[in-house]
Amino acid sequence: MANATGLEARAARLAWRVPEALALDARSVALFRIALGSLLLLDVRERVGFLDIFYTDDGLVSRTAARALWTLVLPHALPPWSFHLLGGSSAFAGALFAVEAFSAVLLVVGYRARAAAVCAYVLVLSSFQRNVLVTGGDDAMLAVFLLFAAFLPLDDAVSVTAWRRKPRTAVATFSLGSFAFTAQLVMVLVFAGLQKIVSSAAWREGSAIHEILRGIPATSFGIWLGHWPLLDCALNYAALGAELVAPLFLIVPVSPGVRMAAIVYVAGNLLGFAAALDVGRLPWLALAALVAHVPRDVWRHADVARAPSSPATRAVVVVVLLHAFVYNVARLGRDVAAPAWLEAPCGVLVPRQGWGMFRAVGEGVPEWYVVAGTHRGDVAPSVRLPDARPLDFGPDASVARLQGTSRWAYFWARAELFASDYPDVVQRYLARQCAAADLGAVELVHVEVRAGALVRQTIGSHDCAKRPAQ
């Protein structure tokens with residue numbers, strides 16, 4: 001009888017330690033909310049800079065072409081429902097971005113933050129469908145965390161809402177929403193690591209980081225790292241540890257010190273990627289979600305409370321988590337497509353996952369696309385567009401020197417896909433660039449590295465003496 005009682009007591013303690021481990025402190029969640037809102041504001045600011053060229057009928061992709069390109073890029077997805085497709089003017093697109101920016105401000109200050117997260121999530125997905133050619137992994141991650149943020153107690157600390165309430169004891173909340181949010185972050189990290197080791201011998205052998213610094217735009221720090229193969233090898237396995245092992249300490253019952261050490265380790269890996277590579281906001285979004293898991297002991301002891309959830313909330317959380325998990329499993333491995341029934345909800349329920357940004361590194365040749373301009377009277381391209389910087393296809397050429405911002409990198413990454421079916425998209429853009437730097441011709445060039453040398457192939461060109469394509 002005594003043994004049975006002891007077992008029951010240990011089982012009860014374990015049953016409490018699991019939700020206690022998954023509880024999120026209100027102050028940590030507030031930091032996540034502020035970081036997420038700030039990153040959303042930066043995203044809106046960047047996209048507004050491309051408003052005319054990417055999101056209006058006078059730009060590169062008309063609304064008719066946008067619908068067709070959505071189906072071309074995502075053939076199994078449901079038809080687009082985008083609010084951005086309801087109007088084609090700059091004013092209309094600007095108004096939608098203004099609403100998205102206002103939602104970001106509400107997130108930062110903590111007023112009606114859950115509603116703001118839902119609104120921003122819908123508008124982010126809507127902008128994806130307006131121009132699928134300029135979306136990447138950081139955009140998908142932004143949408144994912146906006147969706148799961150809506151299940152968290154975003155306003156409970158460091159917020160306008162909290163300041164209007166009576167003071168109360170700090171609380172760490174365990175709920176189905178906090179579990180779903182943590183599970184999504186762990187999936188982002190763990191499946192990214194699994195896809196690397198499953199799909200790429202370079203990651204398993206320790207040479208992937210060195211290869212990545214050659215094939216993806218690197219910062220000055222990243223270029224310096226590329227000169228140290230042994231250091232790159234150590235960083236290779238450190239990155240795998242930060243994705244495959246450390247995230248597990250966010251969900252298992254461990255001491256606050258161990259959990260904080262795991263958080264710092266993962267954060268160091270994310271900051272390293274941000275410092276070495278131009279990969280957009282991808283590491284910063286993961287870092288923002290990681291901050292939400294800072295243990296309550298770091299701040300000041302907080303009581304743990306269980307938050308009930310409605311049947312509707314439970315149903316939504318279960319469906320979204322199952323979809324994300326099964327989709328990630330289905331896309332393990334290189335060039336593996338998920339079944340059509342999994343692809344279909346893309347853009348409606350949750351964006352495509354399968355975080356394999358670096359998974360196939362070392363499995364081919366470095367390649368990219370460059371928009372090059374030729375001055376009048378010259379015979380060879382000499383400037384990179386759209387920024388009109390000097391262009392050099394010499395032996396020291398790299399992605400960082402040949403390619404522009406991440407939005408253009410996303411756009412041209414699908415150049416061959418849409419250039420054959422929608423050549424007017426390419427021609428309209430190339431024609432628009434003729435006004436820069438007194439150009440005589442503009443061309444879209446595919447560049448790849450073979451046997452240590454650059455091999456170029458012109459995909460499309462435009463003679464600036466001709467009238468712009470309409």
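Which residues in α13 are buried? In this helix, Asp232, Asn236, Ala239, Leu240, Gly241, Ala242 and Glu243 are buried, where buried means under 20% relative accessible area with a 1.4 Å probe, protein chains only. Helices here are DSSP runs of H or I, at least four residues, numbered from the N terminus.

This is a predicted model, in which local features need pLDDT of at least 70, side-chain atom pairs count only at pLDDT 80 or more, and totals for chains, interfaces and linings use all residues. Residues are numbered from 1 along each chain as its sequence is written, and side-chain values use heavy atoms, without hydrogens and water.

Helix α13 covers residues 229–244.

Helix α9 (residues 176–199) meets α13. Their axes, lines fitted to C-alpha atoms over the stretch in contact, come within 7 Å and cross at roughly 135°. Angles run from 0 to 180 degrees between N-to-C directions. Leu240, Glu243 and Leu244 in α13 contact α9 residues including Leu189, Val190 and Ile197; contact means heavy atoms within 4.5 Å. Leu240 and Glu243 are also among the buried residues.

Next come helix α5 (residues 90–109) and helix α6 (residues 113–130). They pack at about 145°, with axes 8 Å apart. In α5, Leu96, Val99, Glu100, Ser103, Leu106 and Leu107 take part. Their partners in α6 include Ala113, Cys119 and Val124.

Conventions:
Helix = DSSP H or I, 4+ residues; strand = E, 2+ residues; numbered from the N terminus. Expected span 1.5 Å × (residues − 1). Buried < 20%, exposed > 50% of the residue type's maximum accessible area, 1.4 Å probe, protein only.
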